[in-house]
Amino acid sequence: MAKSKKKKDTEFSVADALRVPAGPVRVEDFDPGAAPAYPGEGKDDAPAQMAAMAPELSDLQERLYAAGRDNPDSPRLLLMLQGLDTSGKGGVIRHAVGMVDPQGIDLTAFKVPTAEERAHHYLWRIRKALPAPGMIGIFDRSHYEDVLVVRVDELVSMEEIPRRFDEINAFEAELADQGITLIKCFLNVSHEEQKERLLERLRDPEKHWKYNPGDVDVRMKWTDYMDAYSDVLTHCNTERAPWFVVPADRKWYRNWAVARLMLEHLRALDLGWPAADFDVTGEIARVDAT
Ligand code: AMP
Ligand code: MG
């Protein structure tokens, strides 16, 4: 029974299902309401599908952490979350990332750059936030803001954007060389669903804290953002640092898919346990004697 269940689990790959194909793409090519490679029925069994991943996810994260303890060259994982307001970056962190030991998580949220950050190259704050060996880094927004909001709000000249695409590709190749596995997720929420979620926040006093009047100004630039994201998915989608488009209109699928992407990428690292650097038999005898 357990065996056949396991076999079934490896029959599908969410990474394959969500990876952006090479070549020119548009955000509009991807359905925000889809649920690719979901092995269950739907919303009702999503909690069970999440729970089914938890033990292995937890075990693999612990292996990663153990490997990193005394090996600076051990693998690292970096989950990057991009998406418009209400796409669910926070929800993914709570529900998917929240499944693993917080001691192994290194979370950074990138906001409007501070005066100090602005005085540096845009990758400066990104480099500072890279996960240490054995850690799973989480970026809530990333250097992609520097070719998204920065482009839409014309904070740099337009000629600068393609130059940054090249720079970002080179930077991410460098990270891959250092043993950092990137999982770049674009949480793809539809225009209609975003409206629903913003209204929901406004109707519920307990959600007012989540609402930011500025979100509507961003929403009014929707087509500019779609153009900017389409270019990012086209030009910064490399073999070693591919993009995944995660349909985000259904929260249960979005959370499950990101957890599953973490699981699949951790599996691919094929992590063992570090060997003891002490005499195990001798230590047993010592403890026994106490
Ligand atoms: P939130 O994620 O909702 O807390 O909002 C963070 C805000 O910071 C968003 O409005 C982003 O567009 C903005 N932001 C993040 N990075 C940058 C950047 N490099 N340049 C300008 N604005 C940024
Ligand atoms: Mg916000």
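A polar contact is taken here as a pair of N or O atoms within 3.5 Å; within protein, one of the two must be able to donate a hydrogen and the other to accept it, and residues adjacent in sequence count only if both atoms are side-chain atoms. The model is predicted, with local features requiring pLDDT of at least 70 and side-chain atom pairs counting only at pLDDT 80 or more, whereas totals for chains, interfaces and linings use all residues. Residues are numbered from 1 along each chain as its sequence is written, and side-chain values use heavy atoms, with hydrogens and water left out.

By that criterion, an oxygen atom of ligand 1 lies 3.4 Å from an N or O atom in the side chain of Glu145, while a polar side-chain atom of Arg141 is 2.6 Å from an oxygen atom of ligand 1 and one of Arg125 is 3.1 Å from a nitrogen atom of ligand 1. On its own ligand 1 has 500 Å² of accessible area, of which the protein covers 75% (Shrake-Rupley method, 1.4 Å probe; for residues, only the protein chains shown count as cover). The residues that surround ligand 1, each with a heavy atom within 4 Å of it, include Phe110, Lys111, Val112, Pro113, Asp146, Val149 and Val150.

Turning to the chain as a whole, its C-alpha trace spans about 70 × 45 × 40 Å along the principal axes. Of its 290 residues, 47% count as buried, that is, under 20% relative accessible area (1.4 Å probe, protein chains only). The chain exposes about 15000 Å², of which carbon and sulfur atoms supply 53%.

Key: Chains lettered and ligands numbered in written order. Buried < 20%, exposed > 50% of the residue type's maximum accessible area, 1.4 Å probe, protein only.
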